[in-house]
Amino acid sequence: MEKETRLIDKILTIVFIIVSVLFILSCSIFTPLMNRPFYYSQIDKLNIVETLNTYTHEDYTKDDVIEAFDDVMDFIWKGTEFKTGKLKYSESGKSHFEDCVGLFWLDFIVLIVSSVILVALLILHFLKIIRIKNIKGFSPLFLSGIITVGLVVALGVFGLINFDLLFECFHKVFFPGKDNWVFDYRYDEVILILPEEFFMNCAIMIGSTLFILSFVSIGYGVAKKIRKGKLD
């Protein structure tokens, strides 16, 4: 029975690390997905209205841009009818945002499920029903933070070297066999209010959130190791 318990503890420790990484990743990605004010703050900085009017030869306003963005986000999160405000869109463009709905909700589901599992494991640990053990003297939270930082550093270096290629690879991985993510602004004016710089800023926000959560985990692990060393 003792050996079985130890095996269960080892398995649950690995599960804890994996779920912690998934929580940090999904939480970081979720941050810009639900942060509409973040997009609003980019409109003037990225000259989105000016760019939109230059390409469309129209006289759209900032309110028109906000309305179009809100319509798309309402479609994704609230299941409303697909609209882009006063901006034109094609059926191909609409189908891409339909594809995005699944990805956005997948991240949200991963965030919720990972949160529930983490809380459950921690409660069982503190009740001493299970034991979340250290690995090679390091706490699982420390290892989770290290793994997550390693992943984001690798992607960050890739993005700094060639963000366009990273952007393309992302879409090919998550939208396999589809090319509806390649927009033509003449038919899908909405792409003009979602410039590459905005997605880059989203990536920066995701990375920043991820680093904060990761370093909190790493810091906790280091502090726990130091404290244990003093007690020993």
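## Exercises on a predicted model

At 17% relative accessibility, Ser-90 counts as buried, where buried means under 20% relative accessible area, exposed over 50%, and partly exposed in between (1.4 Å probe, protein chains only). This is a predicted model, in which local features need pLDDT of at least 70, side-chain atom pairs count only at pLDDT 80 or more, and totals for chains, interfaces and linings use all residues. Residues are numbered from 1 along each chain as its sequence is written, and side-chain values use heavy atoms, leaving out hydrogens and water.

**Exercise 1.** Find where Ser-90 lies and which residues Ser-90 touches.

*Solution.* 
- Start with the loop between α4 (62-78) and α5 (91-126), where Ser-90 lies. Helices are DSSP runs (H or I, at least four residues), numbered from the N terminus.
- Next, look for contacts, meaning heavy atoms within 4.5 Å. Not counting residues up to four places away in sequence, Ser-90 touches Tyr-187 and Asp-188.
- Finally, follow the side chain of Ser-90 to the backbone nitrogen of Gly-93, which it reaches at 3.1 Å.

**Exercise 2.** Classify the ring pair of Phe-97 and Phe-183, and say which parts the pair ties together.

*Solution.* 
- Rings of Phe, Tyr and Trp (its six-membered ring) pair if their centres lie within 6.5 Å; planes under 30 degrees apart are stacked, over 60 edge-to-face, and the rest tilted. The count by this rule is 18 aromatic pairs.
- Here the centres are 5.9 Å apart and the planes of Phe-97 and Phe-183 stand at 50 degrees, so the pair is tilted.
- Phe-97 belongs to helix α5 and Phe-183 to the loop between α7 and α8 (196-231), so the pair ties together parts 86 residues apart in sequence.
- Last, check burial: Phe-97 is buried, with a relative accessible area of 7%, and Phe-183 is buried too, at 19%.

Key. Helix = DSSP H or I, 4+ residues; strand = E, 2+ residues; numbered from the N terminus. Polar contact = N/O pair within 3.5 Å; in protein donor to acceptor, adjacent residues only side chain to side chain.
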